[in-house]
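Trainee: Please pick one part of this model and take me through it closely. I would like to see how it sits in the rest of the chain.

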Amino acid sequence: MGNIKKVILSMTQKKEKSEPLLFEAKYINFGCGKEKVDGYCNVDNDPNVKPAVLWDLNVYPLPFKDNSAEMLRAYNVLEHLKEPQKFLEECYRIMKPGG
């Protein structure tokens with residue numbers, strides 16, 4: 001759970017305009033909706049579900065560091081995306097080697 005707190009704290013820190021805000025999470029649950037997973041950085045575009053990271057998955061690049069995650073979840077997500085291939089490319093960028 002400490003990993004999630006770190007992500008939430010990172011969201012509140014002010015950054016320089018030229019420096020993008022990038023998160024680093026070991027486990028990421030994309031398109032979490034109401035099904036948030038404990039221990040994961042839950043990502044969704046609906047503020048009503050109160051995700052750790054509020055983000056539209058059709059906007060690239062995704063706000064995560066390269067080679068930073070060991071596990072990604074995206075259940076029932078691809079069919080809602082405009083460019084599913086681009087999303088998968090982003091997942092590959094974010095995933096650690098061997099993840």
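Mentor: Start with Q85 and Y92 of helix α2: both are exposed. Exposed means over 50% relative accessible area, buried means under 20%, and partly exposed lies in between (1.4 Å probe, protein chains only). The model is predicted, so local features need pLDDT of at least 70, side-chain atom pairs count only at pLDDT 80 or more, and totals for chains, interfaces and linings use all residues. Residues are numbered from 1 along each chain as its sequence is written, and side-chain values use heavy atoms, without hydrogens and water.

Now the buried residues. Helix α2 spans residues 84-94, and F87, E90, C91 and I94 are its buried ones. They line one face of the helix, because they fall within an arc of 105 degrees when seen down its axis. That arc is taken from the directions from the helix axis to the C-beta atoms. Here is the general rule. An α-helix has 3.6 residues a turn, so residues three or four places apart point the same way. Q85 and Y92 are on the other side.

What does the buried face pack against? The buried residues of α2 pack against β1 (27-30) and β4 (71-73). A contact means heavy atoms within 4.5 Å.

Step back to the chain. Its pattern along the sequence is α-β-β-β-β-α, with two helices and four strands. Both are DSSP runs numbered from the N terminus: helices are H or I with at least four residues, strands E with at least two. Of the 99 residues, 36% count as buried.
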